[in-house]
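Trainee: I would like a close look at a single part, the ligand site. Please take me through it in one go.

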Amino acid sequence: MFLDTRVLRHLTAEDWRVLTAVEMGSKNHELVPTPLIERIARLKGGASGVHKSIATLAKSGLIGRMKEAKYDGYRLTYGGLDYLALHTHSSKDVVYSVGSRVGVGKESDIMIVADKTGKQKILKIHRLGRISFRTVKSNRDYLRNRQGGSWMYLSRLAAMKEYAFMQALQEEGFPVPEPISQSRHTIVMSLVESLPLRQVSSVPDPASLYAELIDLILRLAKHGLIHGDFNEFNILIKEERTNKYTIEDGEEKETETVTLVPVIIDFPQMVSMDHVNAEMYFDRDVECIKRFFKKRFHFVPTQPGPFFKDAKKTVGKDGAKRLDATVEASGFTKKMLKELEKAIQEQQAKIDAGEAVEEEELDEGEDEENDSGSDSYDEEDEEDQQEEEEHAVFEIPANVGRPLS
Ligand code: ADP
Ligand code: MG
């Protein structure tokens, strides 16, 4: 699954209305019946206008038709949902153009985007359910039978949860990217000019960076939270330069100091300190950092711990606001947290078992119109892929990327 914005500019107002109608219909139908799409879209051009738009959308892979379905209908694809989200971000003037893909995580795509002024930001597209079983059929049953719903719903939950936590953490002064906007399964946040800790080969003072990271784990705990995936990919290292002026022998001297500042990202799996498995998650986060510091920087702390039982005693102390409660209060119910947690765990289990394949099969092959329409893009597709490989992270400014409209 790759975010391809080329068609975006060519969609008409009617196309958008039909796409929105399919999305609305998806709330109650896995496969939205064509008459329902027509009714919701209620286009001026009548049914023929709707059919034209349906054909355009299907050809572009934004909606898909299931071959063996009992009735005529369509469902939204990841591509269609991506477009709707981008449309919302762009109408809020948050995103104007889409640049290169920074990374593809196990559950997300990360893109550099820019607004009209050229300011770069990060678009994170959640893709829960992208990974499927080897047999597409069983995956389809799995998605259908799961309580609470589809990949669309779960990916949206992941984005909502991540956004809510980012906001709460930022308000408490934690070093996180600035949350800018959320729509459906996507969030836009500030771009942190940094390297993931994973790509940092040496640091001047491992002990102090280690202490700072452990301190972050403890600060989170005090606010009732465990990151749950506190590893070298989810810790970004920013360099902050400060200049100091001193007078030596009557002369002014300037010295530059570089400080490494960690910024934490990736919050869909965060858990409360009250979670039944809190101790396991807490210990795992601590161990992750210890293991990495030993391996990468040959640094072993002299003190054991920190321990969950000590951290537990600090929850809510000294007036620390409980952020697990804040997020629940923001409308994220316990039921939603449970559903999301289950989905993330199931997905992880599939990855661990090596059963994961890309969900792409689900989006393609089901839709004949889609197949025939994609041919003309082949050459450009290849070029694009090459372009992507040639550029390292952060090298393509998004303002020279593709404008959305
Ligand atoms: P996933 O859930 O797929 O692991 P992450 O949120 O951890 O997604 O992001 C994956 C990668 O994208 C990170 O390791 C980092 O390199 C990059 N990234 C994510 N957010 C930002 C950001 N705000 N600024 C800079 N890089 C980022
Ligand atoms: Mg990550």
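Trainee: How many residues of the shell around ligand 1 are nonpolar, how many polar and how many charged?

Mentor: The shell residues divide into 11 nonpolar, four polar and four charged. Here Ala, Val, Leu, Ile, Met, Phe, Trp, Tyr, Cys and Pro count as nonpolar, Asp, Glu, Lys and Arg as charged, and the others, Gly among them, as polar.

The model is predicted: local features need pLDDT of at least 70, side-chain atom pairs need pLDDT 80 or more, and totals for chains, interfaces and linings use all residues. Residues are numbered from 1 along each chain as its sequence is written, chains are lettered from A and ligands numbered from 1 in the order written, and side-chain values use heavy atoms, without hydrogens or water.

Start with the shell. There are 19 residues around ligand 1 (a heavy atom within 4 Å). S108, K124, F233, N234 and D266 come nearest. Three strands (DSSP E runs of at least two residues) each supply at least two shell residues: β5 (108–114), β6 (120–126) and β8 (186–190).

Now the polar contacts (N or O pairs within 3.5 Å). The side chain of K124 puts an N or O atom 2.7 Å from an oxygen atom of ligand 1. For N234, a polar side-chain atom lies 2.8 Å from a ligand 1 oxygen. For D266, the distance from a polar side-chain atom to a ligand 1 oxygen is 2.9 Å. On its own, ligand 1 has 550 Å² of accessible area (Shrake-Rupley, 1.4 Å probe), and the protein covers 89% of that.

N234 and D266 also hold the metal. N234 (OD1) and D266 (OD) coordinate the magnesium ion, ligand 2, at 2.1 Å. Donors are N, O and S atoms within 2.8 Å of the metal (3.2 Å for Na, K and Ca); water is not among the atoms, so the site may look incomplete. The pair links distant parts of the chain, 32 residues apart. N234 sits in the loop between β10 (225–226) and β11 (235–248). D266 sits in the loop between β12 (251–264) and β13 (271–272). Both N234 and D266 are buried (under 20% relative accessible area; exposed is over 50%, partly exposed in between; 1.4 Å probe, protein chains only).

Note on methods: Polar contact = N/O pair within 3.5 Å; in protein donor to acceptor, adjacent residues only side chain to side chain. Helix = DSSP H or I, 4+ residues; strand = E, 2+ residues; numbered from the N terminus.
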